[in-house]
Amino acid sequence: MTILAPPAAPRADRIRRALSVTALLLLAGAVAAAAVVVHRSTGRFWGDLAVYRTAAIAAAGGDGRLYDATHPGADGIVLGFTYPPFAALVLQPLAYLGAATGIGIWSAVTVLALAAVVRIALRAAGTAADPGAVLLGTVALLPVFPVAGHLQVGQVGLFLMLLVLLDLTGDPGSRWRGWGVGVAAGLKLTPLIFVAYLLCLRRWRAAGVATLAFGATLGLGFAWRPADSLRFWGGGLFDTARVTADPRTVLNQSLHGALARLGDTAEVTAVWLPLAILTGAAGLVVAVRCVRAGDEFIGVLACATTGLLVSPIAWHHHWVWCVPALVLLAVRGRRAGDRVAVAAGALLWAALVASAAWTLIGLRGTDLHFRGLELLHTNLYVFVGLLALGWLALRPRGGRADHDDLERWAR
């Protein structure tokens with residue numbers, strides 16, 4: 001019997017794909033080059049990356065130095081390292097790079113991580129994730145402030161999101177599912193909410209793998225820098241003053257920050273804590289309901305949104321989870337011919353581009369004491385997150401089983 005080989009892809013299609021990949025690499029290189037030029041000409045921005053580098057250098061010099069090292073920002077604010085020692089271990093290559101070289105490499109890899117997230121979201125939306133579509137999505141999402149702000153300060157959030165998405169959207173039968181969540185949480189504690197998500201779904205093995213992976217990062221940190229580990233896990237992680245001096249800043253897009261801005265006071269714990277507990281429980285119920293209805297990817301996004309809302313501090317760049325959400329809105333809305341969904345996606349994209357940090361703060365010169373309609377703009381991410389969870393909770397489901405699941409998890 002003669003076995004025929006599958007037809008080769010048309011030459012034009014191969015050329016188009018190669019050009020798209022080349023353009024994506026050139027885009028990453030262009031962003032990196034621009035970042036280096038801006039840094040050298042202004043001496044500003046990339047403050048978080050400077051903290052990472054300062055911490056890496058301090059930790060490379062020996063134990064007990066990590067959390068004493070600080071970096072004075074161009075705005076006069078002194079910043080310190082707030083992640084576990086394992087993160088400083090992973091960041092060690094920065095200790096051997098110059099500031100400009102580090103900024104260039106970090107910026108290029110960040111753009112490639114953004115492209116990888118776009119590709120995962122396109123596949124989750126049920127469309128072809130060819131290089132041309134990935135390139136278009138990457139270019140469209142670069143000016144969104146959570147992404148642009150992420151690049152501007154040199155943050156790690158896109159890499160954490162990519163780790164979680166690769167883990168939770170991969171092979172559902174994999175015995176290693178949960179590893180990405182655990183490693184991401186070992187770098188920065190916020191992904192720990194996905195362990196709760198796995199437990200709520202009764203995915204005991206995946207939750208166990210995530211917990212073991214997280215524990216392994218703790219063990220590596222203690223083995224490498226025991227004194228720094230004792231300092232961090234002995235209470236240093238609760239020192240929110242090292243994160244921000246005032247939760248009212250518009251860059252803090254969490255429930256805690258929104259309440260502080262609405263009341264124009266930093267003392268909102270008595271109100272925030274019960275609301276955060278309620279929102280956390282409700283958000284996990286919504287995430288589980290989405291998964292039970294057959295939409296795993298939406299469940300992951302609902303869980304991520306919940307984590308952002310209930311965190312004491314959720315910086316604007318933490319909201320890079322808007323990237324897969326915007327891709328899903330655009331692709332699914334267009335395929336379904338849902339003009340409302342497409343319009344909502346376009347409006348959300350425009351609102352996130354015209355962020356308060358670029359508009360109101362730029363005009364007023366301060367990020368505190370907002371009034372009237374300014375409060376709507378300065379709390380935009382929080383309002384959108386709450387509306388998204390509310391819509392997911394109320395949208396109709398096609399069966400009694402979903403209703404039973406919701407009731408069971410609500411108890």
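**Notes on charged pairs and a helix crossing**

1. At 14% relative accessibility, Asp295 counts as buried, since the cut-off for buried is under 20%. Its salt-bridge partner is Arg332, with the closest N and O atoms 2.9 Å apart. Arg332 is partly exposed, at 30% relative accessible area. The model is a predicted one.

2. Arg332 belongs to helix H15 (residues 322-335), whereas Asp295 sits in the loop between helices H13 and H14, so the pair ties together parts 37 residues apart in sequence. Over the whole structure, 7 salt bridges are found.

3. Another salt bridge joins Asp130 and Arg16, at 3.5 Å from N to O. Asp130 is in the loop between H4 and H5 and Arg16 is in helix H1, so parts 114 residues apart in sequence are tied together. Asp130 is buried, at 16%, and Arg16 is partly exposed, at 37%.

4. The side chains of Asp68 and Arg231 also meet in a salt bridge, at 2.8 Å from N to O. Asp68 lies in the loop between H2 and strand S1 and Arg231 in helix H11, so this pair links parts 163 residues apart in sequence. Asp68 is exposed, at 52%, while Arg231 is partly exposed, at 39%.

5. How do helices H2 and H4 cross? Their axes come within 11 Å and cross at roughly 120°; the two helices are therefore oblique to each other. The crossing is right-handed. Leu49, Tyr52 and Arg53 of H2 make the contact with Ala99, Gly102, Ile103 and Trp106 of H4. These residues divide into 5 nonpolar, 1 polar and 1 charged.

How values were computed: Residues numbered from 1 in each chain as written. Predicted model: local features only at pLDDT ≥ 70, side-chain atom pairs only at ≥ 80, totals over all residues. Heavy atoms only, no water. Axes fitted to C-alpha atoms, helices over the stretch in contact; angles between N-to-C directions. Helix = DSSP H or I, 4+ residues; strand = E, 2+ residues; numbered from the N terminus. Parallel < 35°, antiparallel > 145°, perpendicular 65-115°, else oblique. Left-handed = near helix turned anticlockwise from the far one by under 90°. Contact = heavy atoms within 4.5 Å. Nonpolar A, V, L, I, M, F, W, Y, C, P; charged D, E, K, R; others polar. Salt bridge = Lys/Arg side-chain N within 4 Å of Asp/Glu carboxyl O. Buried < 20%, exposed > 50% of the residue type's maximum accessible area, 1.4 Å probe, protein only.
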